[in-house]
Amino acid sequence: MKTVQINLYSFAELSESARERAISEHGNFLDSEGEQYENEQGEMVTEYPEHTSNEIIESIEANEYLFFANGELASCCTYVDKHPKAGTTEFTFK
């Protein structure tokens with residue numbers, strides 16, 4: 001049997017180039033998610049606002065995302081509230 005260690009990093013722990021990648025990729029995700037609202041004519045309208053770097057960083061930090069050293073988002077699930085695994089973060093590999 002072999003043991004493998006995979007290091008995951010918070011946004012603050014990333015290098016500058018890794019942070020740029022994380023901001024770019026998360027910004028693309030946020031910008032692709034439209035905001036819906038009802039206009040004055042009662043029609044549903046979707047707007048796709050562009051987010052600033054500060055807004056993107058706030059979103060990343062608020063969600064406590066974890067990354068690989070190159071800035072790629074790691075697939076993790078953090079359990080909260082009354083879930084039996086509350087307080088646990090699980091990393092999904094592949």
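Two strands pair if DSSP finds at least two bridges between them. Helices (H or I, at least four residues) and strands (E, at least two) are DSSP runs, numbered from the N terminus. The structure here is a predicted model, in which local features need pLDDT of at least 70, side-chain atom pairs count only at pLDDT 80 or more, and totals for chains, interfaces and linings use all residues. Residues are numbered from 1 along each chain as its sequence is written, and side-chain values use heavy atoms, leaving out hydrogens and water.

Strand E1 (residues 35–38) pairs with strand E2 (residues 44–47) in the antiparallel sense, over four bridges. Glu35 stands opposite Glu47 in E2, and Glu38 has Met44 as its bridge partner. Five residues lie between the strands of this hairpin, where Gly42 takes a positive phi near 80°.

Two helices also meet. The axes (lines fitted to C-alpha atoms over the stretch in contact, with angles from 0 to 180 degrees between N-to-C directions) of H1 (residues 16–32) and H2 (residues 53–62) come within 9 Å and cross at roughly 95°. H1 is therefore roughly perpendicular to H2, a term for angles of 65 to 115 degrees. On the H1 side the contact (heavy atoms within 4.5 Å) is made by Ala22, Ile23, His26, Gly27 and Leu30, and on the H2 side by Ser53, Ile56, Ile57, Ser59 and Ile60. This contact has six nonpolar, four polar and no charged residues. Ala, Val, Leu, Ile, Met, Phe, Trp, Tyr, Cys and Pro count as nonpolar, Asp, Glu, Lys and Arg as charged, and the others, Gly among them, as polar.

Terms used. Angles under 35 degrees count as roughly parallel, over 145 as roughly antiparallel, 65 to 115 as roughly perpendicular and the rest as oblique.
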